[in-house]
Amino acid sequence: MRNSRRSQVDPFIVMDVMEAARAAEEAGRDIIHMEVGQPGTGAPEGARQALTRQMTGDAMGYTVALGLPELRKRIARLYGDWYDLDLDWNRVIVTPGSSGAFLLAFTALFDTGDRIGIGEPGYPSYRQILTALDLVPVGLPASPQNRLQPVPADFAAMDLRGLMVASPANPSGTMLNKPAMEALVSACRDNDIAFISDEIYHGIEYEAKAVSALEVTDDCYVINSFSKYFSMTGWRVGWMVVPEPHVRVIERLAQNMFICPSHASQIAALAAMDCGDELEANMAVYRENRRLMLDGLPKAGFHKIAPPDGAFYVYADVSDLTSDSRAFAAEILEKAGVAVTPGLDFDPLRGAGTLRFSYARATADIVEGLKRLEHFMAQRQR
Ligand SMILES: Cc1ncc(COP(=O)(O)O)c(C=O)c1O
């Protein structure tokens with residue numbers, strides 16, 4: 001049997017790094033994980049307790065395709081708390097992670113061959129999911145002057161049907177401020193380009209609150225998730241906010257593609273939203289880790305870093321140290337015992353000269369990882 005052309009997507013390189021780190025650990029080495037983009041903490045305690053209670057008396061069958069109404073209402077309330085927005089809960093759709101939301105959004109908005117702009121560096125799966133749906137990802141190389149975020153000039157006259165942005169972004173952690181978001185939204189409106197905003201790292205921000213596209217327009221798709229701020233990666237639950245006329249379109253797709261998001265995860269997610277103290281304690285760890293990274297990475301010799309406004313990553317330009325970030329990451333793993341991600345995952349053009357460091361894990365790991373990186377770089381420069 002042959003495979004389809006559209007199934008020929010690239011592997012996620014960070015997964016290969018994780019595998020190399022695992023193999024090193026199996027061989028008895030102690031590895032510090034700065035490659036993984038997920039919190040070291042689990043789901044909040046209150047979320048786990050709520051699910052335990054529910055499981056004893058409930059068959060946990062299918063829910064409705066758009067998700068439990070209580071959860072959709074609670075998510076709508078979050079928009080009041082975080083952005084002072086009065087969001088109609090009927091526009092909120094619970095999804096199998098933000099990854100499930102991408103499938104729904106891209107299918108609802110685009111036809112075969114449509115061209116979708118994605119900022120580079122950016123989350124690699126946008127490109128691969130678009131390709132698998134027979135859509136055409138158009139990489140928009142973003143400049144450091146624009147905080148590695150796309151600006152309207154980057155996609156003028158590019159004949160796009162959609163633009164996908166992320167703020168805070170993975171891998172850079174940089175954010176779009178309100179004027180930058182407004183400029184993108186208005187350029188999209190003027191050119192009939194669907195605007196999709198990945199807001200998965202909202203809540204994990206340090207100096208200023210992240211701006212939601214919904215503060216600027218209702219004519220957009222906003223995608224979010226319980227994976228990051230709510231520390232629930234493996235639960236596979238996220239959400240999307242869409243314009244009111246699109247709800248029924250998404251509902252029909254969701255019924256057929258997924259039937260519903262995981263019932264158990266929806267119960268846990270609902271309770272997680274009331275675990276503010278635990279979530280803020282996680283934030284205190286990220287804040288301290290970020291402080292250590294911003295101090296320690298330049299000391300180690302990684303000077304050119306993007307301003308990490310949010311998320312838990314530092315993206316470093318290492319083009320003065322290597323022209324092969326994959327080999328450099330392998331060398332760092334081998335010699336320093338620190339797993340980091342080569343930039344090629346995020347930027348096929350310039351990623352050979354960049355690395356992503358994640359600081360999502362425990363502070364003790366960050367301290368040790370930085371110590372090892374400093375030692376490694378000192379040896380290397382001899
Ligand atoms: C920017 C971005 N969007 C989406 C995802 C996927 O997240 P989820 O677990 O919600 O599918 C990730 C995961 O790392 C991410 O970094």
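Analyst: Let's start with Lys228, where a polar side-chain atom lies 2.8 Å from an oxygen atom of the ligand. A polar contact here is a pair of N or O atoms within 3.5 Å (within protein, one must be able to donate a hydrogen and the other to accept it, and residues adjacent in sequence count only if both atoms are side-chain atoms). Bear in mind that this is a predicted model, where local features need pLDDT of at least 70, side-chain atom pairs count only at pLDDT 80 or more, and totals for chains, interfaces and linings use all residues. Numbering runs from 1 along each chain as its sequence is written, and side-chain values use heavy atoms, with hydrogens and water left out.

Helices (H or I, at least four residues) and strands (E, at least two) are DSSP runs, numbered from the N terminus. Nonpolar means Ala, Val, Leu, Ile, Met, Phe, Trp, Tyr, Cys and Pro; charged means Asp, Glu, Lys and Arg; the others, Gly among them, are polar.

Now the pocket itself. The ligand sits in the largest pocket, meaning that more than half of its atoms lie within 2 Å of the pocket's grid points. On a 1 Å grid over the protein atoms alone, a pocket is an open set with protein on both sides within 12 Å along at least five of seven lines, a cavity is a set of points where a 1.4 Å probe fits but cannot get out, and lining residues have an atom within 4 Å of a point. The largest pocket holds about 520 Å³ of space (points are joined across faces, edges and corners, and the volume is the space filled by probe spheres set on them). Its lining runs to 28 residues, with Phe12, Met15, Gly37, Tyr123 and Lys228 closest to the centre. At least two lining residues come from each of helix H1 (13–26), H4 and helix H5 (124–132). The lining has 14 nonpolar, 9 polar and 5 charged residues.

H5 also leads us to Pro121, found in the loop between strand S3 (115–120) and H5. A cis peptide bond joins Glu120 to Pro121, with omega about 10 degrees. Most peptide bonds are trans. Pro121 turns up again at the largest cavity, which has a volume of about 90 Å³: among its 13 lining residues, Gly119, Pro121, Gly122, Gln149 and Ala166 are closest to the centre. Strand S5 (residues 162–166) gives the most to that lining, 3 residues. The cavity lining has 9 nonpolar, 4 polar and no charged residues.
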